[in-house]
Amino acid sequence: MMRRLSAIAGAVFLDAIKRKVVYAVGFFAVVLAFSAPSLPSYGVGVDIGVYREVALALTFAAGMVLALALASNRIPSEVERRTVYNVVAKPVSRWEYVVGTWTGITAVMGAVIAAFTVIDQLVGLVRYHDAMWQLWQGALAIWMEIGVLTAFAVAVSAVSGAVVVAVATLTFAFVGHSRQPFLQQVPGFPDWLYPSLDSFNVINPVAHGGGYGALYALIMAGVFAGWVVALLVLGSLGFARRDL
Amino acid sequence: MTDTQAPAAVDVATSDAIAVSGARKVYTVFPQTKRVAVEDVSITVPVGAIHGLLGPNGAGKTTTLKMLLGLVRPNAGTFRVLGLDSRSRAGRAELGFLPEQPYFPPQLSAAQAMRLYARLAGLPEREIKPRTAQLLELVGLAGQQRTLLSAFSRGMLQRLGIAQAIVGRPKVVVLDEPASGLDPLGQRDVRNLMLMLRDDGATVLLSSHQLSEVEAVCDRVSIMSRGRVAAEGPIHELLGVAAATSVTVSGLSGDVPPALTALAGEATVVEGGLLLFSVPDVSVRRVVDAVDDAGGTIVAVAPKRESLEDYFTRMLSNDSGEVA
């Protein structure tokens, strides 16, 4: 099983990492990272914190765009071009194909987010003489959230087309960060039922504080694993019932 | 093209390599329209045979293959390969599949793609490199290991598709239009490959609408029309016209003696100005003599046979159209 999963994930990684969209988004993210310190709203004494906040936001935005570009069309295009036949006609379970696809894309996102973080660090080092190691804590949270969003996109794409996937994933991300306003507007709604991604929002402690602790990282990893498993199970069930 | 490594021994206890029984597939088109793609199809292929699946577009060939391979969920029917459920992982481990007009992740190289499919087929790690080199040479892609698939032509992708279909040394190989996109040399290579696979003990199920491809290699054929098996048997029996022979003649250039016309009927002028007579088997000797007497030359004497196109046309016109 692990051999088949790693084979699919490896092929997805190799195929995705060479796509032009990865380098196009990366290029603009780098331009923005270099531009961030010159934003006019910086005040004396808070500029480092604001830079970290902007760097994390840019990393998340670029990662989100890239994850959507890679995940929303991966399975639909494989089905449309029939490349999926060469995989699922072999002794491979449908769920292995879904999970392998998610793993490959999430690995690409890990590499891209790591590259962004290195660039953010370099800019910070040059501009503020601060290595900003806590940005890696932010990068880990961003990667986990992007992983959840990728799982959502892959799950929806197992039964739907690319446009529906992109719109649904954006909606999911928006809803996932609207927990507090929603609960305030709908008193009595059980808060545990609301699909929240707020656990991954670590901008304040990373940008303006001392980062987060090991326990919080474990909680975040648990939320990440729960979301990913649930979404990939749903996606696998949908894909298993699909005629190709 | 030769393969130096034969597939693993076939389970001798199983006489049928492929056994499809009562296959049925109904597609539901939004919102409620139902379209019957395959209606009660049964096909049996003995171990070591090359079996053709013929039929016009929309006959249900590809849907039948997809059900066999677990790509499409059937509404009814059983699908077995070497005694195993062909839709299970164990069953698919015995199968190799070339889809019609195969396509691959464009950013992978040929070697990377072959590595992926070899690992999925369960080939041991140490065998992947030599097997990849061997198969790429076998299908005419030697030296292309590092070439990105985005740079491959249609024919090269087809050849790679064949290589990935047999990378795991499957005992049963399902080929959907394998000669599609290939030049005549490539088509000949594919025919030789199928014969080689049979010689190595594998069973081949070939779906095609090219009569020449099928008749060159197939032991038996199933002809599908409108979701059903309309006929099954050796192709020369299915397409043969009972008790009739075609006699092809040169050297008469339309100046056919009345005696010959009386004996053989009107001739059809075919390519190169040759005359084609369709005569009863019992009259062949006398017709040959009459041609000789008239100064003509016998070019060919062969059992008369319908063209596949004629067969399909007749079959479709006879079909009651019960299947949508």
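Q: Where is B:L82 found in chain B?
A: In this predicted model, B:L82 is found in the loop that joins β4 (76–81) to β5 (84–85) of chain B.

Q: What is the phi of B:L82?
A: The value is near 50°, which is positive in a residue other than glycine.

Q: Which phi value does B:R169 have?
A: B:R169 is not a glycine either, and its phi is positive, at about 50°. This residue lies in the loop of chain B between α5 and β7 (172–176). Because it has 20 C-beta neighbours inside 10 Å, B:R169 counts as buried.

Q: How is the packing of two helices described?
A: Two quantities are used, namely the angle between the helix axes and the distance between them. In chain B, the axes of helix α3 (residues 110–120) and helix α5 (residues 154–165) come within 9 Å and cross at roughly 30°. Angles under 35 degrees count as roughly parallel, and α3(B) and α5(B) are therefore roughly parallel to each other. Their crossing is right-handed.

Q: Which residues make the contact of α3(B) with α5(B)?
A: From α3(B) come B:A110, B:A113, B:M114 and B:Y117, while α5(B) supplies B:L160, B:A163 and B:Q164. Sorted by class, the contact has six nonpolar residues, one polar residue and no charged residues.

Q: What makes up the secondary structure of chain B?
A: Chain B comes to eleven helices and 14 strands. Its C-alpha atoms fill a box of roughly 75 × 50 × 40 Å along the principal axes. Of the 324 residues in this chain, 43% are buried. Among contacts in chain B with a separation of 6 or more, 72% are between residues 24 or more positions apart.

Q: What does A:A67 touch?
A: Leaving out residues up to four places away in sequence, A:A67 touches A:I105, A:M109, A:I146, A:L149, A:T150 and A:A153.

Q: Where is the place of A:L232?
A: A:L232 sits in helix α11 (residues 214–240) of chain A. With 22 C-beta neighbours inside 10 Å, A:L232 counts as buried. Beyond four places in sequence, A:L232 touches A:V98, A:V99, A:W102, A:A151 and A:A155.

Q: How many residues of chain A are in contact with chain B?
A: There are 22 residues of chain A in contact with 24 residues of chain B. On the side of chain A that touches chain B, the elements giving two or more residues are α1 (2–17) and α5 (83–88) of chain A. The largest share, six residues, comes from α1(A). By class, this side of chain A has ten nonpolar, three polar and nine charged residues.

Methods. Residues are numbered from 1 along each chain as its sequence is written. Chains are lettered from A and ligands numbered from 1 in the order in which they are written. This is a predicted model: local features need pLDDT of at least 70, side-chain atom pairs count only at pLDDT 80 or more; totals for chains, interfaces and linings use all residues. Axes are lines fitted to C-alpha atoms, for helices over the stretch in contact, and angles run from 0 to 180 degrees between N-to-C directions. Helices (H or I, at least four residues) and strands (E, at least two) are DSSP runs, numbered from the N terminus. Angles under 35 degrees count as roughly parallel, over 145 as roughly antiparallel, 65 to 115 as roughly perpendicular and the rest as oblique. A crossing is left-handed if the near helix is turned anticlockwise from the far one by less than a right angle, and right-handed if clockwise. Two residues are in contact if their C-beta atoms, placed from the backbone, lie within 7 Å. Ala, Val, Leu, Ile, Met, Phe, Trp, Tyr, Cys and Pro count as nonpolar, Asp, Glu, Lys and Arg as charged, and the others, Gly among them, as polar. A residue is buried if 20 or more other C-beta atoms lie within 10 Å of its own, exposed if 12 or fewer, and partly exposed in between; C-beta atoms are placed from the backbone.
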